[in-house]
Amino acid sequence: MDKILEGLVSSSHPLSLKRVIVRKVVESAEHWLDEAQCEAMFDLTTRLILEGQDPFQRQVGHQVLEAYARYHRPEFESFFNKTFVLGLLQQGYHSLDRKDVAILDYIHNGLKLIMSCPSVLDLFSLLQVEVLRMVCERPEPQLCARLSDLLTDFVQCIPKGKLSITFCQQLVRTIGHFQCVSTQEKELREYVSQVTKVSNLLQNIWKAEPSTLLPSLQEVFASISSTDTSFEPSVALASLVQHIPLQMITVLIRSLTTDPNVKDASMTQALCRMIDWLSWPLAQHVDTWVIALLKGLAAVQKFTILIDVTLLKIELVFNRLWFPLVRPGALAVLSHMLLSFQHSPEAFHLIVPHVVSLVHSFKSDGLPSSTAFLVQLTELIHCMMYHYSGFPDLYEPILEAIKDFPKPSEEKIKLILSQSAWTSQSNSLASCLSRLSGKSETGKTGLINLGNTCYMNSVIQALFMATDFRRQVLSLNLNGCNSLMKKLQHLFAFLAHTQREAYAPRVFFEASRPPWFTPRSQQDCSEYLRFLLDRLHEEEKILKVQSSYKPSESLGCNETSLQEVASKAAVLAESPCTSDGEKTLIEKMFGGKLRTHICCLNCRSTSQKVEAFTDLSLAFCPSSSVENLSFQDPASSPSTQDGGLMQASVPGPSEEPGVYNPATAAFVCDSAMNERMLGSPSDEFCCTENACVPSESSTILVNKDVPQKPGGGSTPSVTDLLNYFLAPEILTGDNQYYCENCASLQNAEKTMQITEEPEYLILTLLRFSYDQKYHVRRKILDNVSLPLVLELPVKRTTSFSSLSESWSIDVDFTDISENLAKKLKPSGTEETCCSRLVPYLLSSVVVHSGISSESGHYYSYARNITGTESSYQMCHQSETLALASSQSHFLERNSPSAVIEQDLENKEMSKEWFLFNDSRVTFTSFQSVQKITSRFPKDTAYVLLYKKQNSTNGLSGNSSTSGLWVNGDPPLQKELMDAITKDNKLYLQEQELNARARALQAASASCSFRPNGFDDNDPPGSCGPTGGGGGGGFNTVGRLVF
């Protein structure tokens, strides 16, 4: 039969005919053959397998050998004996070299065929010796991979006892000799697959015999720390790192860094080669080990090694950022190397020339992963440019390239730098291990920066912390409505109830962003706040009209004619709104009223007008005149006449030079308006020059030669700016008032009074002045003291015939965008002013960090204050308060609020204030709020929210809802609760999946192993043998790095 088969495979017959005959030969294996015939058949099939001239011959050899060995097992056992196998391994087969992979494959298949025979034990003993010899001969990757396959299937062939340690050490050395000279994708794939098989074999041995692990690692370190220039260890050693238990990291690194036998030159070589391992595409935890070694060396103050390695390898690490498979690890190592290298800009300047091209490349591909990577990279770059300032020629192109990405605050940069230095206590080994992400200890949720959206995040957090406003928003029934208020309600609900550390407000950002705001560029948070409140206000008015127009339909109906709705809303806006039921939520919460009174200095005729506002814009007053701003109490005013009626104290023409005229000062030429009028179109956000207006019953006498500059010896307070806002203004020159009585332009005195106070008082400090020389908006960096308690002077006006709380006044809401001084109508109504001081408590502060309105960073300080909370109750909370030392002219030392402030100074209030910095939320104190500008000169308070005290929330319709209104937020609508529940479940699933992945990784690298390797239940892309991503783990094979 062997002669027939030999003649057949070498004949020229058609392949189909040969296959039919071969099938007959295989079937004949069932028949009896004597020992000589069997041996002849085994000889022939072995020759076909090992020396076959084509795949068909080798295939025939395998088929026939397996068939005859199955039916004639004793004969095959006699043939495949110890002597035969030893000859193959030591001498080869005829012309076939002993190191040919075909021989190992043949032996592998032979072991499978006699696995149940007793003689296989002799073969196992033989192979335990031979595989050690083979490994010591440093086989090529392909042969070593085939040997690993054999030993994985037949673990009985792995050397035992002390020989197992030697085998592992020699296998490590063999991996260190691996090389791949090809650059073709197919060959690269094959090479990585071969190395992975060998490293997996080592992992299995470490699991089965834990005593082999430490000697193996010592051999790894010996290889990479060698200073022999004639030998360069292979980067394939990186494949072993993922199998080293992370629990050993601290002990091993400490042992290495403190071993006196390890010379600095060897440690430098080892660290450099470990950094080279970042090029290995499938290695996990390489960055963790590299950073741990860097931190370990810093802990023992081996700074020379750190400096040498950083300067030598920083460019290589940066270049690895181009390759997706190794980018995360490379970025982690790059960040640590740069941030810890704080004594010189040398390392950073080595990579500066390469930054712009990298940024432009990743910006152009538009991938989400690229954008997320660039956000991290730009934060690192900003930290380095901040630390090594003074190189504008180097940094200008970089700043231009990364201008569209968020810039961290100065506080954050300083924190990062302080924690990353080699001498930092936080630079410890334990900090390099990853931890579960979750909500901060504050229990508050951050807002993810979507690309220069800190202006929105800071405002939203301030509004969210306005407790009464938040509760009203959450209690609204907006089902079926797709309004902006609905989106704000959704955002507030997630901030209050999500389990995530930070929430991404993408939907709300797209809905609330003003049309003229360029995406991904820095904007004015005050302008955004005004636009947001105005949108919410106008939207609610339209929805109310829709509701009244078609009461049977939902608020979100679209069938109502938009023209009819708009016209009806306009009529509603023009009519005076006195009852709370007719007001929008924005009016109830943030709306106040200003009464403007103008008196012609020629004929003494007066005009007045009442306008609504949602915020007051406070300009900086000249420091020399601050102490002269004094408002007389109505009860003690010398202008008070019999009957208690208040008359304006208007100076005559001869007194005019002695009255301070803020209009002519013009020391701030800003584009922010004094007061935002509710109901005005959104395109009228353009602002007029700031003019500060006085109390009607007050006269401000100042030196007319006062220099008109901000700043001075003492720190101004918000109260000083408010005094300046309410100071009298003399309208002269180009700003003269057109008097209808005189029918000509005349000098006039203009006063402004707050006649109705809001629940939440929003104050914007006008910090951005226009430089006419350079045509840019510059920032006023003056520090401003923030009083915790502010008393707002409110003068409610009533008709002469009635002194009741219901007051009537000639109000004209039309033409509110016209020149106020020329549109006011004369009014002969006799009125009385009931003046009182309304106490407010500071609720939140939005801080701008930077020197320009077009750049910088916003973050906010805030605390919870409810409408029913007494000012005096605040005295018993615990926190150290540093209040302004300068005395307020509104706050007399014997006033109740002054007592409160004095009391608060002596109390300690822990964990009441929060710092919201995009995704990060931390506890802070009011003392930190007060000292922010003195500590960081570019960080200044910009927008302030004060909450009116000693009052209810003013919304009687909802005050009886439930106890939740007093002690917590109202219950959420089912739609909102379902959305939050769904997202929280998704978050928990994500956390569980991550935890399982980490547990599997730890188990796979631990000493207790699973005999069958990895479970079939490994999560996709986690810690299975393929390293994530499924299959071979290559998603971008063409971008492998070696």
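Biologist: How many residues of strand E16 are buried?

Modeller: Strand E16 covers residues 913–917; strands (E, at least two residues) are DSSP runs, numbered from the N terminus. Buried means under 20% relative accessible area, exposed over 50%, partly exposed in between, with a 1.4 Å probe and protein chains only. Trp913, Leu915 and Asn917 are buried on one side of E16, and Phe914 and Phe916 on the other. E16 is therefore largely enclosed by the rest of the structure, its buried residues being 5 of the 5.

Modeller: The model is predicted, so local features need pLDDT of at least 70 and side-chain atom pairs pLDDT 80 or more, while totals for chains, interfaces and linings use all residues. Residues are numbered from 1 along each chain as its sequence is written, and side-chain values use heavy atoms, leaving out hydrogens and water.

Biologist: In E17, which residue is the bridge partner of Trp913?

Modeller: Two strands pair if DSSP finds at least two bridges between them. E16 and E17 (residues 920–924) run antiparallel, joined by 5 bridges. In E17, the partner of Trp913 is Thr924.

Biologist: Which residue takes a positive phi in the hairpin of E16 and E17?

Modeller: The hairpin has 2 residues between the strands. The positive phi, near 55°, belongs to Asp918.

Biologist: How many disulfides does the structure hold?

Modeller: A disulfide is a pair of cysteine sulfur atoms within 2.5 Å. The sulfur of Cys600 has its closest cysteine sulfur in Cys603, at 3.8 Å, too far for a bond. The number of disulfides in the structure is 0.

Definitions and conventions. Helix = DSSP H or I, 4+ residues; strand = E, 2+ residues; numbered from the N terminus.
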